[in-house]
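Subject: Structure handover

Hello,

Here is the structure I promised to pass on. Please open it first, then read my notes below.

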Amino acid sequence: MKTINITLLFVISVLFFVSCKKDSPVTDNGQTTITSTYYFKGALNGQAVTWQAEIDGSPGFYVGYSSVLSRYQGDVSGGLTGLLSAKGVLKPQLGIEFRTFMINNSQDITAYFNGYVNTGAWAYAVNNNYTPGTKALAIYYTDKAGKSYSSIGSQTGSSSNVMAVTRVPPRPGSNESLKIKLTFNCTLYPADGTGSNLPLTNAEATVLVTDDLY
């Protein structure tokens, strides 16, 4: 039987950062200097935004991850997403998904995971299908009102580039992870098909993608 597993976990751990770090302002004006480990900045629908995040949520945004995985006869395939979510109701939220992972659980999953996301240009996923062997990413955005958008659709003239990938060792309650820094420009389409598209330009983010392939 083929099953789809969707996992959502927001990691809050003061043990991850032992030192006390002064909170930086959280604004939507794009003027805040980035001081956090994880962040998102860019121009969303023409308005500059800056989100900053630590594992403990101290600057106002949580660091999280999600996965959409199919497991069948030992084969695991699908996508892994790094999330930045506002405190409280977790909106607004940004997700950056890397796909399509494909591995058998008899193989070295850790080595496969650590080597999957390479630096350089990445294509955007063109549809909601997860095609093993095809590397692509997708951007997901939920606004404060709960309306969802994604980059799934035509992305002519858009670009994305992974600038750095850093291994993050396992920590309490979480498997091995990758800290991924990237730049991107794309069009975000409303998931319900109503309303206007949102242009996302001059975007840069660092997210945490966690190994959920086990």
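Two strands pair if DSSP finds at least two bridges between them. By that rule S2 and strand S3 (residues 47–53) pair, in the antiparallel sense and over seven bridges. Please keep in mind that this is a predicted model.

**Overall layout**

The protein chain has 12 strands and one helix. Along the sequence the order is β-β-β-β-β-β-α-β-β-β-β-β-β. The chain has 214 residues, and 48% of them count as buried. Take the contacts between residues at least 6 apart in sequence: 61% of them join residues at least 24 apart.

S2 covers residues 38–44, and six of its seven residues are buried. On the S3 side, Gly42 stands opposite Val49. The two strands form a hairpin with two residues between them. Asn45 sits in that turn and has a positive phi of about 55°. S2 also runs antiparallel to S12, joined by five bridges. There, Tyr39 stands opposite Thr206.

**Strand S8 and its partners**

S8 (residues 136–142) is mostly covered, with six of its seven residues buried. It pairs with S6 in the antiparallel sense over seven bridges. Phe98 has Leu137 in S8 as its bridge partner. S8 also pairs with strand S9 (residues 148–150), again antiparallel, over three bridges. In that pairing, Thr142 has Ser148 as its partner. S8 and S9 make a hairpin with five residues between them. Gly146 in the turn has a positive phi of about 95°.

**The core**

Which residues have the most contacts inside the largest nonpolar core? They are Phe40, Phe98, Ile139 and Phe184, in a core of 45 residues. S12 gives the most to this core, with seven residues. Phe98 is worth a look. Leaving aside neighbours within four places in sequence, its contacts include Gly78, Leu80, Val117, Trp122, Val162, Ile180 and Val209.

**The helix**

H1 spans residues 109–116, and its buried residues are Ile109, Phe113, Asn114 and Tyr116. They lie on the same side of H1, because they cover an arc of only 165° around the axis. What do they pack against? The answer is five strands: S5 (75–86), S6 (93–104), S10 (159–168), S11 (177–190) and S12 (198–210). At the start of H1, a side-chain oxygen of Asp108 comes to within 3.4 Å of the backbone nitrogen of Thr110.

**Tyr116**

Tyr116 is in helix H1. Is Tyr116 buried or exposed? Its relative accessibility is 6%, so Tyr116 counts as buried; the cut-off for buried is under 20%. Its side chain reaches the backbone oxygen of Arg99 at 3.3 Å. Beyond neighbours within four places in sequence, Tyr116 is in contact with Arg99, Thr100, Phe101, Trp122, Thr134 and Lys135. Lys135 is 19 residues away from Tyr116 along the chain, and their C-alpha atoms are separated by 8.9 Å.

Best wishes

Note on methods: Residues numbered from 1 in each chain as written. Predicted model: local features only at pLDDT ≥ 70, side-chain atom pairs only at ≥ 80, totals over all residues. Heavy atoms only, no water. Helix = DSSP H or I, 4+ residues; strand = E, 2+ residues; numbered from the N terminus. Buried < 20%, exposed > 50% of the residue type's maximum accessible area, 1.4 Å probe, protein only. Contact = heavy atoms within 4.5 Å. Arc of directions from axis to C-beta. Polar contact = N/O pair within 3.5 Å; in protein donor to acceptor, adjacent residues only side chain to side chain. Core = buried A, V, L, I, M, F, W, Y, C linked by side-chain atoms within 4.5 Å.
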